[in-house]
Amino acid sequence: MSSWIAAGPRGLLAIVAVAALALGLLAACSPLTLLNGAVPEDGSDVTTRLAYGTLPRQHLDVYRPTDATGAPVVVFFYGGGWRSGERADYRFVGDALAARGMVAVVADYRLYPEAGFPAFLRDAALAVAWTQRHIGDYGGDPARVFVAGHSAGGYIAAMLALDKRWLAAAGSSPASLAGWIGLAGPYDFLPIEARGVRPVFGYPDTPADSQPIHHVSRHAPPGLLLTGAADTTVDPRRNSVGLADALQEAGACAQLVQYPDLGHKLLVGALSRPLRWRAPVLDDVSAFVSRPCPSAEGE
């Protein structure tokens, strides 16, 4: 892993970006608003509010490179503890992926208390199935669809990729995925300690099969697990490291990347234009989408 801390003018710009984020936080301005503010108006072609279901939160946005044809596709689910989040807050993710030649789909899903486990997985599966059916109309390759997510969204991506029930109910399957990408996802969190999360999963009667770690198989799609060693929200060792180890031991293709100084929120923030200097998260995602399972090539 090469150093990403720049010197000279670039380093100064990085310091200014971080200072701006800090000032925004002090001024009660959302850091997501600041990151989205750096997205250029002409950075990608964007189609908003596409319905993948009949409910109010069953909508998605598509970001694509200009004149995209047969491009790889990433369906992204945001975090927020399954209790908060809006797809419009993650324009910077769609912009980042489109800038690297991918068609990005950013989807909403139902949140608690409107819905708990497993309703948001059903929504996410419908969004993926919609993408596989329609993304060709937006320049994407339906045979190269990846699911991805940060935090709670990383959990959703893992469950869609590892537990076949959800995509099967939507008329698809994990086998149809080109791979999955988890950014600081919780994959093994029983018993639930976070009080705000407990009702989402019906605590204390949370089913064991709600955990991605219980669905490890050698047949799993290729996985990329990204985590920050400074994450104090989702334990990296128990979750990302533990799931990567289990998948590798089962014979699945799984890559683990750990960034030594990143915390939970900065991991996804590093996809944005102001913070890409902080860690090569976008580089690693792009490399994985280009070659999901290098070790299996030629076998």
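Biologist: Which residues does Ala104 touch, not counting residues up to four places away in sequence?

Modeller: First, the ground rules. This is a predicted model, where local features need pLDDT of at least 70, side-chain atom pairs count only at pLDDT 80 or more, and totals for chains, interfaces and linings use all residues. Residues are numbered from 1 along each chain as its sequence is written, and side-chain values use heavy atoms, with hydrogens and water left out. Contact means heavy atoms within 4.5 Å. On that basis Ala104 touches Asp61, Val62, Tyr63, Val74, Gly94 and Leu97.

Biologist: Where does Ala104 lie?

Modeller: Strands (E, at least two residues) and helices (H or I, at least four) are DSSP runs, numbered from the N terminus. Ala104 belongs to strand 4, residues 103–107. The protein chain has 9 helices and 8 strands. Phe76 is 28 residues from Ala104 in sequence, yet their C-alpha atoms are 7.2 Å apart.

Biologist: Why does Ala104 count as buried?

Modeller: Buried means under 20% relative accessible area, exposed over 50%, partly exposed in between (1.4 Å probe, protein chains only). Ala104 counts as buried because its relative accessibility is 1%. Across the protein chain, 54% of the 299 residues are buried.

Biologist: How much space lies in the largest pocket?

Modeller: Rolling a probe the size of a water molecule over the atoms shows where empty space is left. A pocket is an open set of points on a 1 Å grid over the protein atoms alone, where a 1.4 Å probe fits, with protein on both sides within 12 Å along at least five of seven lines; lining residues have an atom within 4 Å of a point. Points are joined across faces, edges and corners, and a volume is the space filled by probe spheres set on them. The largest pocket holds about 1,000 Å³. Its lining has 40 residues, and His150, Ser151, Thr233, His264 and Lys265 are the closest to its centre. Helices 1 (8–26), 2 (31–37), 7 (237–250) and 8 (264–269) each give two or more residues to that lining. Helix 8 gives the most, with 5 residues.

Biologist: How many nonpolar, polar and charged residues are in the lining of the largest pocket?

Modeller: Ala, Val, Leu, Ile, Met, Phe, Trp, Tyr, Cys and Pro count as nonpolar, Asp, Glu, Lys and Arg as charged, and the others, Gly among them, as polar. The lining of the largest pocket has 21 nonpolar, 11 polar and 8 charged residues.

Biologist: What lines the second largest pocket?

Modeller: Its lining includes Ala161, Lys164, His215 and Pro221. By class, there are 6 nonpolar, 3 polar and 1 charged. The second largest pocket has about 170 Å³ of space.
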